[in-house]
Amino acid sequence: MTEPVLSVENLSVRIAGLHILQGVSFDVAPTGVTVLLGRNGVGKTTTLRAIVGLTPRNGEVRGTVRMGAQSLLARPTHRLVRGGLGYVPEDRCVFAGLTVTENLRLAERRGTSPAYDKVYALFPELDRRGRQRAGSLSGGQQQMLAIGRVLLNDNRLLLVDEPTKGLAPKVVTEVAEVLERVAESVPVLLVEQNLAVVRRLARDAVVLSAGRVAWTGNAQDLLLETALTKSLLGVGSGEVHA
Amino acid sequence: MTEVKSPEVPAPPAAVPDELTPGHSRWHGLRPYAPLVALVVAAILPYSTVNLPGVFEGPLNSPGTLQLLAICLVFGGLAAGYDLLFGRTGMLSFGHALYFAAGVYGTDVLVTRAGLPLWQAALLTITGGTILAALLGAVALRTVGIAFAMVTLAFAQVGAILVARDFGGLTGGEEGLPLDVSGLPAALVGVTNTVNLYWLALAYLAVVVLVVHRVSGSPTGRVLAGLRDDERRIGVLGLDPYRFKLVAFTLAGGLATAGGTVYCLIVGGASPHVTSSELTLSLLVMVVLGGPGTRWGPVLGGVLYMYLDHRLTAFGTSDAVNSLPAFLSHPLSQPLFVLGTVFILAVYFFPGGLASLRTRLTPLTTALRRR
Amino acid sequence: MSTVILLTLTGLGLAALYFLVASGLSLVFGLADVLNFAHGLFLGVGAYATWWAAGNLPGAGSDGLGFLVAVAFGVLAGSAVAVLVELVLIRPLYSRTIEQVLVTVGLSLAGVALLQATWGADARPFPRPEWTRDVTSVLGAQVPNAGLLLIVAAAVVLGALLAFLRFTRYGLIIRAGVENREMVTALGIDVRKAFTLVFAIGGAAAALAGALGSVYFGTVSPGQGGSLLIFAFIVVVIGGMGSVVGSAYAAVAVGLLQQFVNYYGTSGLGDLCVVGLLAVVLLLRPQGLAGKVAHA
Amino acid sequence: GSPQDTASGGGDAAPVKVGLVYSQSGPLASYGKQYIEGFKAGLDFATKGTGKVGDRKVELTEVDDAGDPAKAVSAAKDLIGKGTKIIAGSTSSGVALQVAPIAAQNKVLFISGPAATDAVTGANKYTFRSGRQSYQDVVTAKSFIGDAAGKKVVVFAQDGAFGDANEAAVKAVIGGAGANVSGVRAPASATEFTPFASQIKAAKPDLLFVAWAGTTAPAMWQTLDQQGVLASTTVVTGLDIRASWPTFGAAGSKISFLSHYFDGASDTEAAKAAKAKIPGGTLDLFHPDGFAAAQMVVRAVQEGGDDVEKMVKALEGWQFDGVKGKMTIRAEDHALLQPMYQAKLSGSGTAFTATAQKTLTGDESAPPVAQMKG
Amino acid sequence: MLATRGLTWRIGEVAIVDSVYLDLAPGEFLGVIGPNGAGKTSLFNLITGLRRPTEGRILLDGADVTDLPPHRRARLGLGRTFQASSVFGSLTVRENVRLAVQAHRGGSMKLWRRAAADREVAAAADAALDRVGLAHRGTALAGTLAHGEKRKLEIALLLAGEPRVMLLDEPMAGVSAEDVPELVSVIKSLTGDSGRSVLMVEHHMDVILELADRIAVMHHGALLACDTPDTVMANATVQEAYLGEAL
Ligand SMILES: Nc1ncnc2c1ncn2[C@@H]1O[C@H](COP(=O)(O)OP(=O)(O)OP(=O)(O)O)[C@@H](O)[C@H]1O
Ligand SMILES: Nc1ncnc2c1ncn2[C@@H]1O[C@H](COP(=O)(O)OP(=O)(O)OP(=O)(O)O)[C@@H](O)[C@H]1O
Ligand SMILES: [Mg+2]
Ligand SMILES: [Mg+2]
């Protein structure tokens with residue numbers, strides 16, 4: 001097996017005295033989508049945020065996270081991102097007071113040429129609504145903006161937190177397609193509840209349970225095994241969203 | 001509809017609800033009585049001749065010390081009342097000084113200029129102050145966030161201008177208005193009776209703390225806490241945010257007016273200091289210093305602030321400071337320099353206020369106990 | 001007629017002074033979301049540094065080029081103090097708005113007291129070019145040159161700030177950072193630098209206001225900043241927080257209103273009118289004249 | 001013990017406790033500094049360098065009120081509680097007005113300092129003053145116009161009690177002598193004075209009396225000068241402390257000053273002694289007030305011992321030689337009759353000198369007798 | 001029960017909600033679907049009074065409520081959840097629900113009574129928490145809940161108010177697959193025979209199909225269709241505009 005693009009070892013996070021992650025270890029393969037699964041509140045978002053260095057002030061992070069030879073923890077977020085770590089947060093976090101175009105302009109990184117064509121081709125809506133304040137976009141439109149924002153730049157790894165949440169089925173399909181295409185060139189660590197999307201995209205899967213890794217392996221295998229999905233995710237593989 | 005919150009004034013850090021603070025089981029049975037014990041101790045304090053050199057100028061029962069304590073207690077109460085707005089409901093008013101000033105000047109003018117007996121003057125003033133708060137609140141609450149803060153500031157500024165203008169020689173302008181004590185009960189006049197003023201101040205503080213505690217533990221208090229977090233949601237739950245905010249505003253205004261009345265008696269007059277916007281800012285400082293939304297934090301903050309405010313003048317002129325080299329002694333002899341520096345340090349070293357000190361010290365004490 | 005011209009021009013001079021004070025305040029308030037009560041301190045630092053430089057700095061003086069050098073030194077000093085304050089005191093407290101307010105309140109107390117401890121409470125004569133004491137006759141009205149100087153300076157500052165916000169990326173970063181600092185870093189931007197820059201600019205604007213205000217008053221004293229600050233706050237709020245253009249409009253409205261009411265009405269009415277204007281504007285348009293409609 | 005228990009001093013050789021409550025910090029700190037320097041010099045003078053009255057040492061307790069009446073009241077209560085029978089100080093009028101009733105309630109002697117408000121005069125039996133009052137300023141101002149009858153006088157003053165008092169005094173003194181007095185008022189917070197200067201100019205007064213205190217004064221003078229007010233009429237105002245002189249700038253030489261005191265205004269024994277004793281050797285506006293206060297304290301203790309009633313008796317009607325010359329404590333209302341001066345300012349840059357044009361005696365500048373209130 | 005008559009909301013020239021006529025019968029479950037930005041949330045905001053319509057009327061039990069503020073409508077039995085959870089972050093989960101119960105029981109000022117002493121409120125609140133499966137989280141601060149838990153709390157808040165008309169804005173968004181069936185059954189139990197009406201926006205089609213009696217389809221602010229699930233699913237326009245190719 002090739003070198004992982006990201007390796008997380010023994011990651012522990014405590015926030016306000018609560019042990020939220022307790023020694024999580026997993027690797028992200030250099031190609032394709034690695035999906036992070038688990039029930040509500042197991043710590044998926046916490047994991048992603050710890051990787052990009054956004055643990056809240058009262059939190060405490062232990063363990064190691066490496067991208068290649070580079071250790072990520074303790075480096076400021078903006079450095080990590082400039083170094084090619086793209087992050088799409090769970091609740092979109094578009095800048096409500098800025099227009100769509102301004103949101104995109106903000107994401108440009110110095111020294112690179114932003115791929116506006118690519119983004120506008122994926123989400124024509126963003127082009128059309130360039131002058132609308134992002135805060136007045138619908139939920140789905142905001143999600144497009146949040147994804148479009150990271151795709152302006154070349155990344156070495158994308159962290160994407162529940163991108164299809166609150167999206168219409170048609171857009172879910174579109175987003176899945178976008179991610180699929182993106183994953184051809186950049187590895188993606190994806191948190192996703194929609195198992196249909198997982199089935200379509202994921203190569204590897206990491207399942208968290210109560211702050212620990214409960215299972216790692218091939219995602220398709222996981223979805224095939226009804227017993228496994230039942231015990232890990234609480235659903236039979238047949239019950240995934242249509 | 002967007003789901004983005006406007007950049008309003010952020011809610012102050014919330015109090016940790018009682019049920020969340022663990023590890024006080026031994027004290028649990030006694031805790032409800034702690035306030036009572038504190039009250040009794042404070043009430044019998046004037047019988048003590050203990051000398052705390054450096055802390056107070058004279059023994060605890062000396063008039064100077066009692067006067068200082070009385071002022072501190074009034075401000076403790078004032079801060080607790082302000083916390084009803086700021087810490088419990090999340091309303092940032094920059095005009096709270098107005099209602100305090102209304103109490104001070106109202107009482108003074110009614111007693112000195114109109115010659116009313118004290119109880120009538122006090123009753124009229126407190127009623128008037130409460131009505132004033134209700135009226136101005138009704139207007140100001142049409143805005144939210146910073147706009148609300150600024151409208152209240154504007155109203156308070158009008159009060160300050162009116163006092164300074166000295167219409168009809170009523171307020172004495174910048175010179176202030178000494179209280180005419182001839183009609184006052186003898187027990188409230190004269191240095192030897194300072195202890196009665198102390199008890200009055202203590203009673204005021206006790207009333208405010210009781211009211212704030214009861215109100216914030218009441219069903220209405222629950223709504224106020226909800227307003228602090230999400231006003232829109234309160235509306236959708238079927239409660240009128242405006243009404244509840246107005247009640248809190250009026251109540252806090254009334255409490256402040258009552259504080260003004262007590263303060264007027266203690267200080268024996270009114271001066272335009274009490275109308276300044278700095279006073280509101282200091283109230284904010286007191287509350288945050290103590291810990292917003294906690295029962296004792298604002299009280300502690302108010303008491304400590306006023307204590308420092310009064311005592312630092314003595315500190316600045318003390319020999320210890322004067323013997324320092326000039327680059328130190330000059331700033332240190334400016335009380336405001338020391339006070340300002342103390343705030344800044346307090347913000348850094350007691351985030352969450354003095355009230356959070358106990359929780360912050362818990363690891364330390366448990367570690368010590370284990371040894 | 002000449003009275004009207006005189007009142008208008010001196011009113012504009014007053015407005016210019018308010019705007020100079022308010023612009024920095026508005027910038028810091030609107031962009032960095034810090035209600036900066038220490039702005040008066042920056043003002044004082046600018047004024048005293050200019051005063052000091054005119055007497056002590058080689059090349060600086062109270063006239064001509066020397067005066068420009070002195071003012072430049074004052075502006076630099078104000079900016080430096082503002083940066084220092086941001087780095088040491090404000091930065092650790094971002095996203096804790098109330099604590100920031102408190103720190104600036106503490107700072108304003110301590111800072112002004114420090115100025116007083118160093119230079120005394122009394123007003124000192126301020127070094128200034130002779131021509132700023134004179135008047136220019138405009139259609140029969142004797143308009144003080146210092147007021148005209150303020151008007152010109154305010155116009156220049158307004159232009160410079162607008163250019164900064166419109167043509168640099170910083171404006172964008174700052175506005176986004178106010179909403180969600182975390183997310184700006186997550187886009188690979190060091191948002192802290194941008195905020196420090198805002199403070200530097202705000203401090204420079206304040207220091208300029210302090211220096212030119214002292215030219216106007218003829219003296220410098222520790223408490224000077226504080227008395228202007230309350231009107232500057234009113235201007236900022238009427239104009240809409242963070243809107244530099246709004247502040248300019250509001251400053252003109254406040255300055256002229258005050259001047260005319262003080263002449264034609266009774267004393268003190270000018271201040272009451274200004275406060276009334278604030279209340280009316282806020283009740284009708286809580287976001288201020290030029291503010292964007294608050295959302296949700 | 002009971003809550004009313006307080007220690008009280010006794011015994012003959014016990015020191016005399018004197019409390020000095022004045023501004024050591026805050027906006028009036030400079031006035032306070034002059035006051036205390038004057039007081040110490042005066043004490044030295046009145047006790048012939050011993051610091052003792054008889055065999056009793058004078059023990060000073062200095063407290064800073066920062067200009068806040070509430071702090072002053074606390075300080076006074078503290079001092080009284082510790083057995084102090086004499087309190088002096090009060091740099092600001094607000095402090096004087098609020099401490100005076102405390103003195104009366106507790107029957108201690110209070111000698112108000114630089115506070116100029118007329119209301120302290122006749123405030124009560126226990127309250128005296130060691131400085132001048134607004135009324136005396138106005139009487140001095142009147143001496144500038146000679147025959148007042150038919151003249152037009154404008155008073156330009158700040159809103160508030162200080163302005164009210166000055167305007168009322170001008171109406172009584174100059175208006176009483178037949179002049180037509182009107183007022184122009186401005187908020188104390190004003191920063192732009194053109195409207196007021198225009199109003200004054202439009203009124204075309206024969207005499208303009210300006211009562212303005214505070215940091216905006218220089219801007220005010222400059223505006224009056226720029227709008228041609230100073231050139232077109234006689235302008236009278238009180239001369240403030242030395243440090244403020246340069247801030248008048250060019251306007252300084254165009255103004256007729258009435259003065260409470262400045263260095264060189266008098267050449268009395270006391271003035272020489274004061275000059276020798278104070279740091280810097282240059283007398284200023286409020287040194288005489290402190291000096292006189294010390295003289296009054298020594299007199300009170302000499303005659304009254306620890307009995308405040310006797311002290312009051314000893315001070316009422318007392319005449320003494322102060323820094324300014326002959327001073328008289330008027331028995332009826334405790335006004336302090338004292339010489340006042342007309343002065344001219346000359347010089348430029350930072351070097352200004354004041355010269356006395358005329359001296360009014362204490363009787364010439366005497367305010368009308370006030371009703372004793374308490 | 002609930003009806004809108006030509007409800008329109010314009011911002012500038014753009015109609016965000018465009019002349020919507022909707023009728024909700026007592027006990028009916030109406031699903032609302034539509035592409036992102038179709039105006040579903042906006043419609044909810046108009047109905048609950050958070051926004052003022054530019055045209056049109058809203059009727060509740062036949063009475064015109066168009067000009068009533070949100071809290072008056074809530075008192076008439078209109079309850080809603082929010083698309084982005086809006087719970088009282090600084091209160092505990094239990095206090096959140098108690099507040100909602102209390103609001104429902106009559107919002108008169110009670111300044112002196114102890115809130116915690118009201119057993120009925122406490123019991124009702126605990127029941128609501130139990131129902132959504134959050135009982136064990138009662139003492140946690142609502143602000144620290146994970147996303148899915150907040151969604152459940154939203155529903156508990158709604159339940160506590162015992163509304164007769166419920167507006168659910170994407171209740172399943174962010175809820176883990178495991179909990180979906182449970183939440184669905186909670187929602188199902190809300191309606192049943194109680195005569196309550198529900199208007200629910202949801203993108204999970206299987207959920208909509210399971211629960212809804214009728215489905216309304218919104219597109220560009222207008223009501224494209226409003227019919228039985230089968231008919232709507234068969235509608236070609238709906239297929240094209242909303243569902244796209246199934247995954
Ligand atoms: N700031 C915080 N303070 C306290 N607890 C927190 C905080 N942030 C998260 N938690 C807790 O950490 C746990 C994990 O949260 P996290 O958001 O990582 O879950 P998740 O797996 O992303 O869930 P979901 O699928 O609902 O998004 C939750 O129990 C949550 O309550
Ligand atoms: N205040 C506003 N100003 C301008 N446009 C707005 C405003 N509020 C909503 N919109 C626009 O109205 C449209 C409808 O928004 P709404 O939030 O109602 O959509 P939705 O159907 O709920 O979508 P989603 O399923 O993505 O949540 C969107 O295009 C949105 O951009
Ligand atoms: Mg998550
Ligand atoms: Mg929506």
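Helices and strands here are DSSP runs, numbered from the N terminus, with helices (H or I) of at least four residues and strands (E) of at least two. The model is predicted, so local features need pLDDT of at least 70 and side-chain atom pairs count only at pLDDT 80 or more, while totals for chains, interfaces and linings use all residues. Residues are numbered from 1 along each chain as its sequence is written, chains are lettered from A and ligands numbered from 1 in the order in which they are written, and side-chain values use heavy atoms, leaving out hydrogens and water.

Helix α10 (residues 244-264) of chain C holds both Phe260(C) and Tyr264(C), which sit four residues apart, or about one turn of the helix. Rings of Phe, Tyr and Trp (its six-membered ring) pair if their centres lie within 6.5 Å, and planes under 30 degrees apart count as stacked, over 60 as edge-to-face and the rest as tilted. Over all chains, 31 aromatic pairs turn up. In the Phe260(C)–Tyr264(C) pair the ring centres are 6.3 Å apart and the planes meet at 10°, so this one is stacked. Accessibility is sorted with a 1.4 Å probe and protein chains only: buried means under 20% relative accessible area, exposed over 50%, and partly exposed in between. By that scale Phe260(C) is partly exposed at 23%, whereas Tyr264(C), at 54%, is exposed. In chain D, ring pairs tie Phe156(D), Phe193(D), Phe196(D) and Trp212(D) into a cluster.

Next, the salt bridges. Side chains of opposite charge can pair when their charged atoms come close. A salt bridge here is a side-chain nitrogen of Lys or Arg within 4 Å of a carboxyl oxygen of Asp or Glu, and the whole structure has 41 of them over all chains. Arg14(A) bridges to Glu60(A), with the closest N and O atoms 4.0 Å apart. That pair links distant parts of the chain, 46 residues apart: Arg14(A) belongs to strand β1 (residues 6-15) and Glu60(A) to strand β4 (residues 59-67) of chain A. Arg14(A) is partly exposed at 33%, and Glu60(A) is partly exposed at 32%. Another bridge, between Arg222(B) and Glu95(E), has its closest N and O atoms 2.9 Å apart. This one crosses between chains, running from helix α8 (residues 219-229) of chain B to helix α3 (residues 93-104) of chain E. Both Arg222(B) and Glu95(E) are buried. In chain D, bridges with shared partners join Asp164(D), Glu167(D), Lys171(D) and Arg185(D) into one network.

A positive patch brings together Arg79(A), Arg82(A), Arg105(A), Arg110(A), Arg169(C) and Lys193(C). One of its members, Arg105(A), is in helix α3 (residues 100-107) of chain A and is partly exposed at 36%. A nonpolar patch of about 470 Å² is made by Tyr33(B), Leu36(B), Val37(B), Leu39(B) and Val41(B). Val41(B) is in helix α2 (residues 34-44) of chain B.

Finally, the backbone. Most residues other than glycine have a negative phi. Ala66(D), though not a glycine, has a positive phi of about 50°, and its place is the loop between β3 (56-64) and α2 (69-81) of chain D. His220(E), also not a glycine, has a positive phi of about 50°; it sits in the loop between β9 (214-219) and β10 (222-227) of chain E.

Terms used: Patch = residues over 30% accessible without salt bridge, like charges linked within 9 Å, V, L, I, M, F, W, Y side chains within 5 Å. Areas by Shrake-Rupley, 256 points an atom, 1.4 Å probe, with all protein chains shown as cover. Lys, Arg positive; Asp, Glu negative; His and termini not counted. Charge placed at Lys NZ, Arg CZ, Asp CG, Glu CD.
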